[in-house]
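Here is a short walk through one model. Begin with the ligand, then turn to the packing of helices.

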Amino acid sequence: MNTNDYLRLLPKTELHCHFASTMSAAQLIAFADREGVVLPTTDPALLFNFTDLADFLEAFRAAHQVLTTADDFAQVAYDGVRAAVAAGSVRYREYAINPQYFAPRGIGYREILDPIIDGLRAAQTDLGVGFRIVVAINRHDSPADAVQLVETMVANPLPEVVALGQDDLTPELTEDPARFADAYALARRHGLRTTAHAGERHLDSAENVRVALDVLKVDRVDHGYMIVEDPELTERARESQIPFAATPLSTTICSGWTLDHNHRIAQMVRAGLNVSFSTDDALFFRTDMAREFQEAIPAFGLDLDDAKNIALAGIDGAFCDDDEKRSMRAQFTAQIAALDAALADTPTSR
Ligand code: ADE
Ligand code: ZN
């Protein structure tokens, strides 16, 4: 076994994963063809070249136009889990699902969530991968729409839907997390957990992370990289151990950052923040959980102990029950011990 095998086989959670991006390229192209959605090209090598986050989001929005039937949702859900297990030893996943993308085509909340949950439950039975769902506010839409979305969540309680998030960008191409403060307050009043994409790009700010923490009172931060520009806020995050769901490969595309020792995620890990890794949008960024660890860990100047801590941080940051976390921790610890023994037994690794 070499370190690449080790990082691929390391048991992982994935807390920051957009459902539409768990589609395969073949599914995207086939569904687009069926729905008459015109993609810029059908060559997968060319389909996923983006200049920045806003450019990627156009393709991401188009991907929501190709999913229509209950079978589409259930099939993508099931197949996506199988692919994630095979590629990167994913044992638990949280999906961001943005129902507002589907609303203009008249596809309702339960029409999306029920078949996705069916597919994910079937995958859990067959493959043992637990899951929860984060319903994401579409920042392209209004604060009133966001409140209405939370009202829909509250009126349709589903055991797997445990949290509110926010993604996309505002029409001004900003994050502006405070815009959705009312929706977050309502979600918290109803016992939902919360997260938010904040401080993702150099165009964003540590202030957005502060707003997510202090105004939205999130339980977790998606991205959050710009926090390192504010040493005081970074120290607060270290003390509180608020979880950050970081997505290394996506930063190379959405922000044009290089994976190196000075990368903001590397700085967050070195500062002692609670950082886990995810893919964000595996299809579009041509990544998977193995690649995130295999590329980012050495490029950030981190070692296998850091990789294990990052894998275990995904359990701390998860929105599942404490019993499920305890059982995952025991499983991960045993599997990591077996991997450590296999690595130590490999003559070339010495
Ligand atoms: N939707 C999917 N991926 C996203 C990202 N990285 N930032 C904002 N919105 C997104
Ligand atoms: Zn994201």
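A polar side-chain atom of E200 sits 2.8 Å from a nitrogen atom of ligand 1. Keep in mind that the model is predicted.

For H18, an N or O atom of the side chain is 3.4 Å from a nitrogen atom of ligand 1. For H223, the distance from a polar side-chain atom to a nitrogen atom of ligand 1 is 3.4 Å.

Now widen the view to the surroundings. Which residues are around ligand 1? The list includes L53, F56, L57 and F60. It also includes the aspartates D167, D168, D280 and D281. H197 is there too, along with H18, E200 and H223.

Next come the helix pairs. Two packed helices are described by the angle between their axes and the distance between the axes.

Take helix 7, residues 143–155, and helix 8, residues 181–189. Their axes come within 8 Å and cross at roughly 15°. Angles under 35 degrees count as roughly parallel, so helix 7 and helix 8 are roughly parallel to each other. The crossing of these two helices is right-handed. Which residues make the contact? Helix 7 supplies A146, V147, V150 and E151. Helix 8 supplies D182, A183, L186 and A187. By class, the contact of helix 7 with helix 8 holds 6 nonpolar and 2 charged residues, with no polar ones.

Move on to helix 15, residues 304–316, and helix 16, residues 322–344. These two pack at an angle of about 165°, and their axes are 10 Å apart. Are they roughly parallel or roughly antiparallel? The cut-off for roughly antiparallel is over 145 degrees, so helix 15 is roughly antiparallel to helix 16. The crossing of helix 15 with helix 16 is right-handed. On the helix 15 side, the contact is made by L304, K308, A311, L312, I315 and D316. On the helix 16 side, K325, M328, R329, F332, I336, D340 and L343 take part. How do the residues of this contact divide by class? There are 8 nonpolar and 5 charged residues, and no polar ones, in the contact of helix 15 with helix 16.

Key
Residues are numbered from 1 along each chain as its sequence is written. Chains are lettered from A and ligands numbered from 1 in the order in which they are written. This is a predicted model: local features need pLDDT of at least 70, side-chain atom pairs count only at pLDDT 80 or more; totals for chains, interfaces and linings use all residues. Side-chain values use heavy atoms; hydrogens and water are left out. Axes are lines fitted to C-alpha atoms, for helices over the stretch in contact, and angles run from 0 to 180 degrees between N-to-C directions. Helices (H or I, at least four residues) and strands (E, at least two) are DSSP runs, numbered from the N terminus. Angles under 35 degrees count as roughly parallel, over 145 as roughly antiparallel, 65 to 115 as roughly perpendicular and the rest as oblique. A crossing is left-handed if the near helix is turned anticlockwise from the far one by less than a right angle, and right-handed if clockwise. Contact means heavy atoms within 4.5 Å. Ala, Val, Leu, Ile, Met, Phe, Trp, Tyr, Cys and Pro count as nonpolar, Asp, Glu, Lys and Arg as charged, and the others, Gly among them, as polar. A residue is near a molecule or strand if one of its heavy atoms lies within 4 Å of it. A polar contact is a pair of N or O atoms within 3.5 Å; within protein, one must be able to donate a hydrogen and the other to accept it, and residues adjacent in sequence count only if both atoms are side-chain atoms.
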